[in-house]
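Have the viewer open as you read.

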Amino acid sequence: MLDFLGNLERTHLCGEVRAADAGKNVVLMGWVNRRRDHGNLIFLDLRDRAGIAQIVLDKELTPDGHLKGEQVRPEYVVAAVGKVRLRDKDAINPKMVTGEIEIEATELRVLNDSRLAPFSPSEEAIQNEEVRLKYRYVDLRREEMQRNFKLRHEITLAIRDNLSQQGFLEIETPILTKSTPEGARDFLVPSRVHAGEFYALPQSPQIFKQILMISGFDRYFQIARCFRDEDLRADRQLEFTQVDLEMSFPRREHVFAVVENFLSAGFAAAGVKLPTPFPRITYDEAMKQYGTDKPDLRLPGLTDVRPAFTDETLATLNIDPALPVVALRIPKVGELSRKEREDNHPMFDLKKGAKFIDDFKRLGKSFPEAAAKARELAGAADEDFVIIVAGDPAHHIKASDTKFEGRLSEREINVYAAAGNFRTELAKKYADRHGAFSVTEKTVVDAHSHNATDAIEGGAAFNPIWIVDFPMFEYDLASGKWMPAHHPFTAPYEADMANLVSDPASVRADCYDLAMNGLELGSGSIRIHRKDVQQQIFKSLGISDEEARARFGFFLDALEYGTPPHGGIALGLDRIVMLLAGAPSLREVIAFPKTAKAMDVMADAPTTVSDEQLKELHIRVALKN
């Protein structure tokens, strides 16, 4: 027989009761985490979001409560009324924050029972993620998950308060809006009232926040829900949350200062101090040093070892002497066995046109001076594993290298990117081998010059870095067109405006990314605030006036009504929390995430709908065979 709550009121959370409360009468409510029957004494570990308290049911003191205690099982919901008392010294549990006390119950109410759960919330790790997501309401009771979402709340609150203190107004933008694809697929929502027409869920509030600047709000922010119909990874979800902001009359440095301020506040809420200002590096330098535009500064960077090889040696090794020859070093891993090297070969990014030399013993036998010099240039100790990445002369691309005059060529970028990809994968694979790639390794930052160097001193676990001077356009081989490297509302550098049509590859974008520990936390830019420049950018991208009017007509109209210079950024809140929680996936910090197959296995979504609903929305489904 279940009990009613009646007029009973909770006085404390389970995890809040301490030795100082001894002698107090309390009412605790929660879930039975564990039950131990010792005959005349039954012990219940009662759990809520604050922690666990031990309830003692003495058959002589409360026979009715003891009888109910015999019937309850894990995950039953109960209320316990009783007095706090200190445990005997030999019964103190130092692993629990409430381990010095217990509750001597005078009454127990069983408020609800529970089926046998597929796993216990007291388990630290559950291997089957799909089972966890199907029974998410049980999974979220686990201490780790409760901690993650408390952390998320505190980080979000700190960011919101900080931006408010910096003069930003929180303004909501529409969820149902116009489809203006930004690189990923839109989620479309059919209109019942306007047959055959669709809304789209926003990939970002981009155009609306720019219109807010035109509207004179000067400083806007939003904890914004965004939607992108793209393939999922550990750091991607179909729906996600951004810290989105925009400001009028800024230079890039103003945006950096605002972001560093609110991000420092968010990290401080998690007990982490971020040194400011964050270092900065250009896109080209990031590719040269790390092989990626989202570098993990905890890992040793790439080293140019071209001076270690003569042209004749490179020809013998079938390496293109005109392309980079770089080494990546894996600290403390030691020499890999032949089998280990072969197991790594599938990670080689052969499509990038790169060649890999991972057998230094063999290289040393044929070219001892080159092998020794390469290890010396890479700063490799005896226990460090070194691999060389270089260009494959048999690999050619269609895009002409002359289009990248003054910047890294596409073939150069491909070699650096291949090395960077392999560097990241090796870091994951050997992270625990002899302390390799320890998070105590850090990048030393010169706060005055904003330069980053790869000295390993020990210390920081979180290493933010700004990436600047991106190319404005990327050449798409499939379409034969130049595409925006970011979005088409990003302003080019004023000095590069004259090259928009004649030499688009040389044009730099006034945009910036913020990376941390190998993740892109956010991306932003100074925006185009003049209609003539915006139209010129569309023209450079091969977007006709008619297409621009159809897709962005309302925004182009708004630009004609006194648009101030403006810029902003959006940072992934989910990714920030994931980093600070030490979680391996966004699914650990999003309450109800989708699986890698884009399914909500708890709610069984997506699913089919009735013919009546489709008819009302003027939709007919035609499935491919």
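## Ground rules

Helices (H or I, at least four residues) and strands (E, at least two) are DSSP runs, numbered from the N terminus. This is a predicted model, so local features need pLDDT of at least 70 and side-chain atom pairs count only at pLDDT 80 or more, while totals for chains, interfaces and linings use all residues. Residues are numbered from 1 along each chain as its sequence is written, and side-chain values use heavy atoms, with hydrogens and water left out.

## The barrel

Strands pair here if DSSP finds at least two bridges between them. On that basis, 5 strands close into a barrel, ordered 1-2-3-5-4 with mixed pairing. Neighbouring strands in this sheet are turned by 55° against each other on average, direction ignored.

Strand 1 (residues 25-37) and strand 4 (residues 77-86) run antiparallel and are joined by 7 bridges. Asparagine 25, for one, has lysine 83 in strand 4 as its bridge partner.

## The open sheet and its helix

Another group of 4 strands makes an open, antiparallel sheet in the order 12-13-15-14. Strand 12 (303-304) and strand 14 (354-357) sit at the edges with a single partner strand each, so one side of each has no neighbour in the sheet. Strand 14 is tied to strand 15 (residues 385-391) by 4 bridges, and isoleucine 357 stands opposite isoleucine 388 in strand 15.

Helix 12 (residues 410-429) lies across strand 13 (325-330), strand 14 and strand 15, at about 10° to strand 13. Contact means heavy atoms within 4.5 Å; axes are lines fitted to C-alpha atoms, for helices over the stretch in contact, with angles from 0 to 180 degrees between N-to-C directions.

## The loop between helix 15 and helix 16

Methionine 602 is in the loop between helix 15 (573-581) and helix 16 (611-616). Its relative accessible area is 32%, which makes methionine 602 partly exposed (buried is under 20%, exposed over 50%, partly exposed in between; 1.4 Å probe, protein chains only).

## Elsewhere on the backbone

Most residues other than glycine have a negative phi, and most peptide bonds are trans. Phenylalanine 249 has a positive phi of about 60° and is exposed at 57% relative accessible area. The bond from threonine 276 to proline 277 is cis.
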